[in-house]
Amino acid sequence: MKGVNASAPREFILLGFSDRPWLELPLFVVFLVSYVLTIFGNLAIIAVSHLDPKLHTPMYFFLTNLSLLDLCYTTSTVPQMLVNICSTRKVISYGGCVAQLFIFLALGSTECLLLAVMSFDRFVAICRPLHYSVIMHQRLCLQLAAASWISGFGNSVLQSTLTLQLPLCGRKEVDHFFCEVPALLKLSCVDTTANEAELFFISVLFLLLPLTLILVSYAFIARAVLRIQSAEGRRKAFGTCGSHLIVVSLFYGTAISMYLQPPSPNSKDRGKMVSLFYGIIAPMLNPLIYTLRNKDVKGAFKRVIVWVFLIKK
């Protein structure tokens with residue numbers, strides 16, 4: 001560890017798209033608007049799910065966890081990105097980079113598992129409706145949520161430690177907007193094959209395995225829905241799952257493209273844009289997807305607004 005400590009710089013330079021200064025103003029606007037919408041959208045879902053008794057169900061308990069996760073997810077990267085875009089010195093301290101790496105990894109891993117847990121909840125609700133309240137009791141919901149968070153943070157401890165142990169040999173220019181494992185591996189002056197293999201293996205566990213469970217759950221859900229006689233019943237069943245499927249497609253599609261696709265010389269800018277999508281755009285879209293497609297959430301918003309208005313009167 002002596003050599004590692006000696007090679008650790010005091011700060012990193014986050015290059016982002018600094019070679020294309022004309023992109024900085026449009027990116028600043030996009031990042032700022034996305035972050036504001038993410039904050040207000042996810043806070044609104046957390047508040048409404050807490051205030052409206054009709055939303056005190058397992059589905060909205062997990063949705064609240066997802067909203068809290070997305071809030072922290074974007075806050076770990078976007079404020080620093082906004083500061084760097086406005087600054088001539090696009091730097092982040094070594095401690096800030098370590099914290100950013102750890103939090104981003106932990107929350108990204110947690111979201112992978114949480115989305116799988118949410119699909120299990122939908123599976124029980126549609127395929128075992130008479131036993132739903134018995135199966136998805138409060139204790140199990142708390143255990144599933146806790147397992148997702150603990151596993152995500154445990155994975156982050158492992159990957160962050162392995163990444164930060166690599167000697168950097170004085171290199172401190174991170175060709176990215178924030179500190180992420182693939183970008184930091186490129187700074188090392190030793191062979192990173194073992195780290196890349198470990199990253200690929202962990203990515204399979206946290207991306208492909210949960211995605212497989214989600215797809216299996218929805219295969220059973222689709223079969224159960226097709227057996228429903230009434231068109232209204234089928235529409236309602238698909239409606240409760242549609243929002244989750246869209247969120248799963250956005251998150252897993254971009255994350256798999258980033259972590260499981262073989263690197264290529266031409267993939268540098270593509271990797272940056274993919275990271276921005278699942279790290280900034282997806283958390284912004286999640287509350288919009290759940291509110292625009294969900295009658296229960298829209299009804300809860302109306303009831304809370306009326307309640308607040310009456311209190312003010």
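A residue is called buried when its relative accessible area is under 20%, exposed when that area is over 50%, and partly exposed in between (1.4 Å probe, protein chains only). F177, at 7% relative accessibility, therefore counts as buried. The model is predicted, so local features need pLDDT of at least 70 and side-chain atom pairs count only at pLDDT 80 or more, while totals for chains, interfaces and linings use all residues. Residues are numbered from 1 along each chain as its sequence is written, and side-chain values use heavy atoms, with hydrogens and water left out.

**The chain as a whole**

- The chain has 313 residues, and buried residues make up 47% of them.
- Its secondary structure comes to twelve helices and three strands; helices (H or I, at least four residues) and strands (E, at least two) are DSSP runs, numbered from the N terminus.
- The chain exposes about 15,800 Å², of which carbon and sulfur atoms supply 70%; accessible areas come from the Shrake-Rupley method with a 1.4 Å probe, and for residues only the protein chains shown count as cover.
- Of the contacts between residues at least 6 apart in sequence, 80% join residues at least 24 apart; a contact means heavy atoms within 4.5 Å.

**Annotated spans**

- An unreviewed UniProt entry carries the annotation "transmembrane region" for residues 25-48, 60-78, 98-120, 140-158, 200-226, 238-261 and 273-292.
- UniProt positions are given in the numbering used here, feature names are shortened, and annotations may be inferred rather than shown by experiment.
- In the model, residues 60-78 are 89% helix and 0% strand, with the end C-alpha atoms 26 Å apart.
- Residues 98-120 are 100% helix and 0% strand, and here the end C-alpha atoms are 34 Å apart.

- L25, V29, V33 and L37 make a nonpolar surface patch of about 360 Å².
- Patches are made of residues with over 30% relative accessible area and no salt bridge; like charges are joined within 9 Å, and nonpolar side chains (Val, Leu, Ile, Met, Phe, Trp, Tyr) within 5 Å.
- L25 is found in helix 2 (residues 24-51) and is exposed, with a relative accessible area of 62%.
- F31 also lies in helix 2, but F31 is buried, at 3% relative accessibility.

**Aromatic pairs**

- The structure holds ten aromatic pairs; rings of Phe, Tyr and Trp (its six-membered ring) pair if their centres lie within 6.5 Å, and planes under 30 degrees apart count as stacked, over 60 as edge-to-face and the rest as tilted.
- One of the pairs joins F31 and F177, which are edge-to-face, 5.8 Å centre to centre and with 90 degrees between the planes.
- F177 lies in the loop between strand 3 (173-174) and helix 8 (181-185) and F31 in helix 2, so this pair ties together parts that are 146 residues apart in sequence.
- Ring pairs also link Y73, F104 and F178 into a cluster.

**Salt bridges**

- Side chains of opposite charge can pair when their charged atoms come close.
- A salt bridge is a side-chain nitrogen of Lys or Arg within 4 Å of a carboxyl oxygen of Asp or Glu, and the count by this rule is two.
- R89 forms a salt bridge with E11, with the closest N and O atoms 2.6 Å apart.
- R89 lies in the loop between helix 4 (78-86) and strand 2 (91-93) and E11 in strand 1 (residues 11-14), so the pair ties together parts that are 78 residues apart in sequence.
- E11 is partly exposed, with a relative accessible area of 23%.
- D121 forms a salt bridge with R122, with the closest N and O atoms 2.9 Å apart, and both D121 and R122 are buried.

- P58 is in helix 3 and is buried, with a relative accessible area of 15%.
- Leaving aside neighbours within four places in sequence, P58 is in contact with D121, Y132, M136 and C141.
- P58 and H137 are 79 residues apart along the chain, and their C-alpha atoms are separated by 8.0 Å.
- L68 is in helix 3 (residues 58-75) and is partly exposed, with a relative accessible area of 40%.
- L68 and I39 are 29 residues apart in sequence and 9.6 Å apart in space, C-alpha to C-alpha.
- Q159 lies in helix 7 (residues 138-164) and is buried, with a relative accessible area of 3%.
- Not counting residues up to four places away in sequence, Q159 touches L105, V181, E198, L199 and I202.
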